Amino acid sequence: MSIAIYPGSFDPMTNGHLDIATRAAKLFDKLIIGVYENPNKPILFSTEERAELIRQAVAHLPNVEVQSFGRLTVDFAKKVKAKAMVRGLRMSADFEREFDMAMMTKKLYPELEFVCLMSRVEYQFLSSSLLKEAASLGGDIDDLVPKPVASALKKKFQSQA
Ligand code: ADP
């Protein structure tokens, strides 16, 4: 069985992430979305909240699972017996970062293939950080995120207001 991981912060999941997951799920028998427990940046949603929102968003994809992990990504890949790691590439800033990550991953775990899928045009400029900024200022973000995420963002910012 071919297994791939799709790791990330997903704080929160956007339609850009969901599109990558949906397409990757067609390439492998099983796709495991891995939620970093401690991303290297400030987070709005707890690990459990982020994982649960993804679970709701991918409920219609039978071969997609969600797990959180706190260890090195390659160790997570080994644990779940993944042969590939999927990442999404937007036009501008992602390439260098993803390239460096691919090189490091190859060094640490040569058997793991690094698979980058290009973001669809409509999601090229969509990032979780911009989304949170827009949502915090009352912007309409409904078209950019799965439904449960839109509700969770509204709740979060209402409770902080
Ligand atoms: P990380 O902290 O690992 O960058 P993110 O949640 O920001 O976690 O992103 C996870 C993966 O999804 C990364 O490969 C990122 O490039 C990709 N990604 C983020 N936003 C989009 C988008 N709008 N379209 C396609 N891929 C995306």
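This is a predicted model: local features need pLDDT of at least 70, side-chain atom pairs count only at pLDDT 80 or more; totals for chains, interfaces and linings use all residues.
Reader: Let's start with the whole chain. What makes its radius of gyration agree with a compact globule?

Author: With 161 residues, a compact globule would come out near 15 Å, and the chain has 15 Å, so the two agree. If you'd like the spans too, the C-alpha trace covers about 50 × 30 × 25 Å along its principal axes.

Reader: And how is the chain built up, in helices and strands?

Author: There are 6 helices and 5 strands. Going along the sequence, you read β-α-β-α-β-α-β-α-β-α-α.

Reader: How much of the chain counts as buried?

Author: Of its 161 residues, 50% do. The accessible surface comes to about 8,900 Å², and carbon and sulfur atoms own 56% of that. As for contacts with a separation of 6 or more, 75% come from residues 24 or more positions apart.

Reader: Which peptide bond is cis, and how do you know that?

Author: The bond from D11 to P12 is the one, with omega near -5°. Most peptide bonds are trans. P12 sits in the loop between strand 1 and helix 1, and F10 is placed in that loop as well.

Reader: What about K81: buried or exposed, and why?

Author: Its relative accessible area is 64%, and exposed means over 50%, so K81 is exposed. K81 belongs to the loop between helix 3 and strand 4. Its phi is near 60°, which is again a positive value in a residue other than glycine.

Reader: How far is S92 from Q124 in sequence and in space?

Author: They are 32 residues apart in sequence, with 8.5 Å from C-alpha to C-alpha.

Reader: Q124 has come up; which residues does S119 contact beyond its sequence neighbours?

Author: Leaving aside neighbours within four places in sequence, S119 is in contact with I20, R23, L89, R90 and Q124. S119 itself is in the loop between strand 5 (113–118) and helix 5.

Reader: And how do you know whether S119 is buried or exposed?

Author: Its relative accessible area is 13%. Buried means under 20%, so S119 is buried.

Reader: Now the pockets. How do you know where empty space is left?

Author: You roll a probe the size of a water molecule over the atoms, and that shows it. The largest pocket found here has a volume of about 840 Å³.

Reader: What makes a residue part of the lining of the largest pocket, and which ones lie nearest its centre?

Author: A lining residue has an atom within 4 Å of a pocket point. For the largest pocket 39 residues line it, and H17, K41, R90, D94 and R97 lie nearest its centre. Elements that each supply at least two lining residues include strand 1 (3–8), helix 1 (15–25) and helix 4 (94–108). By kind, the lining divides into 16 nonpolar, 13 polar and 10 charged.

Reader: What is the volume of the second largest pocket?

Author: About 240 Å³. It is lined by 14 residues, with Y36, R71, L72, T73 and V74 closest to its centre. The largest share, 4 residues, comes from helix 4.

Key
Residues are numbered from 1 along each chain as its sequence is written. Side-chain values use heavy atoms; hydrogens and water are left out. On a 1 Å grid over the protein atoms alone, a cavity is a set of points where a 1.4 Å probe fits but cannot get out, and a pocket is an open set with protein on both sides within 12 Å along at least five of seven lines; lining residues have an atom within 4 Å of a point. Grid points are joined across faces, edges and corners, and a volume is the space filled by probe spheres set on the points. Ala, Val, Leu, Ile, Met, Phe, Trp, Tyr, Cys and Pro count as nonpolar, Asp, Glu, Lys and Arg as charged, and the others, Gly among them, as polar. The radius of gyration is taken over C-alpha atoms; the globule rule is 2.2 Å times the number of residues to the power 0.38. Buried means under 20% relative accessible area, exposed over 50%, partly exposed in between (1.4 Å probe, protein chains only). Contact means heavy atoms within 4.5 Å. Accessible areas come from the Shrake-Rupley method with a 1.4 Å probe; for residues, only the protein chains shown count as cover.
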